[in-house]
Amino acid sequence: MFGSEFPSPVFRSIERSRHRGTGLDIRFEQAEARFEGRTVLHPLTLSLGERRIGVIGLNGSGKTTFARMINGLVVPAAGRVTVNGFDTAKDGDKVRAEAGFIFQNPQNQIILPILKEDIALGLKGRKLSKQETEAAVEAVLSRFGIAHLADRRAHELSGGELQLAALASVLVTEPNILIMDEPTNQLDLKNRDLVERTIRGLDENVIVISHDLSLVADFDRVLLFHEGRLAADGVPQEVIARYREIAA
Amino acid sequence: MSTRDLVLAALFAAIIVALGLVPPIMLGFIPVPITAQSLGVMLAGVILGAKRGGFAVLLVLLLVAIGLPVLSGGRGGLATFVSPTAGYLVGWLFAAYVTGYLSERFVDRSQSSIVQIAGFFLAALAGGVVVDHALGVAYLAWGTGTGLMTAFMGDLAFIPGDVLKALIAAFAGRAVMIGYPLLPQRA
Amino acid sequence: MKTLYVEGDTFLHRLSPRVKLVALAFSSLLLFLIDSPLFLAAAAVCGGWIYASLGLGWRQSLLRLRPILLTIAIVAVFTLVLNSPGQALTVLLRLTALALLAAAVTATTSTGDFIDEITLAARPLERIGLVRAADLGLSIGLVVRFVPEVLTRYQAIRDAHHARGLKPRPLTLAVPLIILTLRNADEIAAAIDARGIRAQK
């Protein structure tokens, strides 16, 4: 598991554990998504291996569907998607163990009343002892600097605290890849910066969907979706420039 | 039950609990405050259908049983289940199920609004008034040994209010069905 | 959310929850089977003694027991008027004894212990495919988690009424409250599945 103490939360990178940093191999093979008879993502072939990937596009462009397909929440209507070799349609549980997902509204991600109980919930299938579970919860909360909130009620947490709690709730299971849907949406400037720093400090592979262009400006690769199709794919500056043309 | 069904039922249970915590709401046309919790039970059936609506109410009853003061007026705990009025409380479970079952059966999206409202009203009346009051009276009569007639006389005072709630549930159920359809439809 | 459980270390607190629940069920059976006023009076006194032994004090006890004792009193008065004094006394003693015993179990059993018992009791239902035992604990947690959010939303809808000079009515309050709350279901369900909390079948 983790070392014992991580006093300064967000900036410290930590020792890699068994799951993390083993590389990333996401493949879309003519994968298509439909919703109520409508095609929301046209057949897409793509492979992703970069450590930090940004996904941008207008509302309704298909970017959230794309992200949900990576962790198997949306399964392709045609074609296939694999994550580190696991097919999202066949091995949903294994794919979800590889790829954690943070939703737009962190409020809906915390599902039990007390924070530490909620974090522990993700470990239930692991058959850990009570002490091991407590240690893992404590470690992940310390990692994000919110160990002091362990006994607090979820509805008492501020927006920034909730976003960090949502991160902790997902990362406690040590996924390889972290997918975040609009992580800075609805946050004030202070909490937005906190979340940005946190994302930069993460060791995991991250895929961030965002309207917040400065968040992805130094990522390794950025994808632009438009009307259900991949409209641009490359280094941030070029793709962001293309996005400005589309939005204009 | 799918995860979504489970969450819908839990959220509805949270709504029923919340309705017991807010101050009584005044009706528009007659100056009578209504406690909204039993309205919530009818709404659970009308909006979620038999299975999920019933599960929502079951969750509320479990919360009561484990000692959370979630009933209106801060009541809760096992003592509520041995109170003379416990039949009405346990009756909620059947009320939601019956209301939900009838709603699923007789209301669908293709009908005109008047038919939908009438369907929901009759479903809520059957579940929330007939079934719930029958169980309430039965336990009141048996549990206190007062006899059915006496129990029924006491019950009568509460019927007009619950009929009114069935009407509100019907209108609300139809409004929710238009805004966010959830009721399982027959194939 | 507050619970009716009271921290303590009395004999009842230490007793296993299962023993308490079985004892409660057994005593309610006895109380309904036996009509002797003497037995019922003894039971009511006994219930009072057990409840008093929790050491809650008069004020607390009265506050907690008032709603149910009031209901019992009303029913007893009804019975007195419509039936006979003997029957009224039986009702009063029987229901008071029951209420005191049940309230004592509630005050000495924590929410977590109750959930464990419920999960255990649901195992046979799981075997016949009716519910999944683990779902019950999860759902109870979900309800407790989201009640405050629903209340916040209710307040916001009420404020919106006032801001627009509208009087809050059951219909105009309930409909937006329900739609806004249930809309979160998809995302909450997706979060549960994404975290692998309810392992897929």
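I started with a cross-chain pair: D186(C) makes a salt bridge with R4(B), and their closest N and O atoms are 2.5 Å apart. For me a salt bridge is a side-chain nitrogen of Lys or Arg within 4 Å of a carboxyl oxygen of Asp or Glu. The pair runs from helix 9 (residues 185–194) of chain C to helix 1 (residues 3–21) of chain B; helices are DSSP runs of H or I, at least four residues, numbered from the N terminus. D186(C) is partly exposed at 36% relative accessibility, and R4(B) is partly exposed at 29%. Buried is under 20% relative accessible area, exposed over 50%, partly exposed in between (1.4 Å probe, protein chains only).

This is a predicted model: local features need pLDDT of at least 70, side-chain atom pairs count only at pLDDT 80 or more, and totals for chains, interfaces and linings use all residues. Residues are numbered from 1 along each chain as its sequence is written, chains are lettered from A and ligands numbered from 1 in the order written, and side-chain values use heavy atoms, without hydrogens and water.

Next I checked chain A, where R192(A) bridges to D193(A) at 3.0 Å between the closest N and O atoms. R192(A) is buried at 12%, while D193(A) is partly exposed at 30%.

Last, I looked up helix 2 (residues 17–33) and helix 5 (residues 85–108) of chain C, which pack at about 175° with axes 10 Å apart. Axes are lines fitted to C-alpha atoms over the stretch in contact, with angles from 0 to 180 degrees between N-to-C directions.

How values were computed:
Helix = DSSP H or I, 4+ residues; strand = E, 2+ residues; numbered from the N terminus.
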